[in-house]
Amino acid sequence: MNAKVEAWYQELVSAAQVRFTERQQDLQWLQSVAPQLVALKSASSSHGGESLVVLTDRIARSSGLASAVKGNQQSEDGSLSVHLEQAPFDAFIAWAGELVQQHGVQLVSASIEATSTPGIVNASVTLRQR
């Protein structure tokens, strides 16, 4: 009878060790993907999960800048670089202002260049969701 109890106990210990090893592997995996999850979270706005890319595009369209947006690039840290060409300056300022004031976007950097046409600019901005 004692041998049966000992065998049963050893089976329990062995199963617990297997579960413990599996949990350690799960934890290591979670720790390895944590930076990616943080980047995804920062890329999402508090507005229904709308990403910064979608938000900036939507506001650009409503500001009349859809044709001026020539590209954007998302960084691993969640920031977004947007390049605009031949953009009406007033529309550009309205777009940036709405992103910052109404949607909590941080304007990290901006480079604005005048063109040969008065009131028209080329611009590159880096944005980050707060």
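In which strand is the place of Gln-86? Select Gln-86 and you land in strand β2. Keep Gln-86 on screen: its phi is positive, about 55 degrees, although Gln-86 is not a glycine. Gln-86 counts as partly exposed because its relative accessibility is 49%; the class lies between buried (under 20% relative accessible area) and exposed (over 50%), computed with a 1.4 Å probe on protein chains only.

**Before moving on**

This is a predicted model, in which local features need pLDDT of at least 70, side-chain atom pairs count only at pLDDT 80 or more, and totals for chains, interfaces and linings use all residues. Residues are numbered from 1 along each chain as its sequence is written, and side-chain values use heavy atoms, with hydrogens and water left out.

**Stop 1: the whole chain**

Color by secondary structure. The protein chain holds 3 helices and 4 strands. Helices (H or I, at least four residues) and strands (E, at least two) are DSSP runs, numbered from the N terminus. Starting at the N terminus, the order of elements is α-α-β-β-α-β-β. Of the 130 residues in the protein chain, 26% are buried. Among contacts in the protein chain with a separation of 6 or more, 54% join residues 24 or more positions apart. Contact here means heavy atoms within 4.5 Å.

**Stop 2: the sheet**

Select the strands. The 4 strands make an open sheet, ordered β1-β2-β4-β3, with antiparallel pairing. Two strands pair if DSSP finds at least two bridges between them. At the edges sit β1 (69-74) and β3, each pairing on one side only. From one strand to the next, the twist averages 15 degrees.

**Stop 3: the β1-β2 hairpin**

Zoom to β1 and β2. These antiparallel strands are joined by 5 bridges. Their hairpin has 5 residues between the strands, and Gly-78 in the turn shows a positive phi of about 95 degrees.

Next, pick Asn-72, placed in strand β1. The bridge partner of Asn-72 in β2 is Val-82. Is Asn-72 buried, exposed or partly exposed? Asn-72 is partly exposed, because its relative accessible area is 40%. Show its contacts, leaving aside neighbours within four places in sequence: Asn-72 touches Val-53, Leu-80, Ser-81 and Val-82.

**Stop 4**

Select residues 105-114 for strand β3 and 120-129 for strand β4. They run antiparallel, joined by 9 bridges.

Pick Glu-113 in strand β3. Glu-113 is partly exposed, because its relative accessible area is 49%. Beyond neighbours within four places in sequence, Glu-113 is in contact with Ile-120, Val-121 and Asn-122. The C-alpha atoms of Glu-113 and Ser-124 are 9.0 Å apart, and these two residues are 11 apart along the chain.

**Stop 5: α2 against α3**

Finish with helix α2 (residues 52-62) and helix α3 (residues 89-103). At what angle do α2 and α3 pack? The angle is about 130 degrees, and the axes are 9 Å apart. That makes α2 oblique to α3. Angles under 35 degrees count as roughly parallel, over 145 as roughly antiparallel, 65 to 115 as roughly perpendicular and the rest as oblique.

Show the side chains of the contact. From α2 come Leu-55, Thr-56, Arg-58, Ile-59, Ala-60 and Ser-62; from α3 come Trp-95, Glu-98, Leu-99 and His-103. These contact residues divide into 5 nonpolar, 3 polar and 2 charged. Nonpolar covers Ala, Val, Leu, Ile, Met, Phe, Trp, Tyr, Cys and Pro; charged covers Asp, Glu, Lys and Arg; the others, Gly among them, are polar.

Conventions:
Axes are lines fitted to C-alpha atoms, for helices over the stretch in contact, and angles run from 0 to 180 degrees between N-to-C directions.
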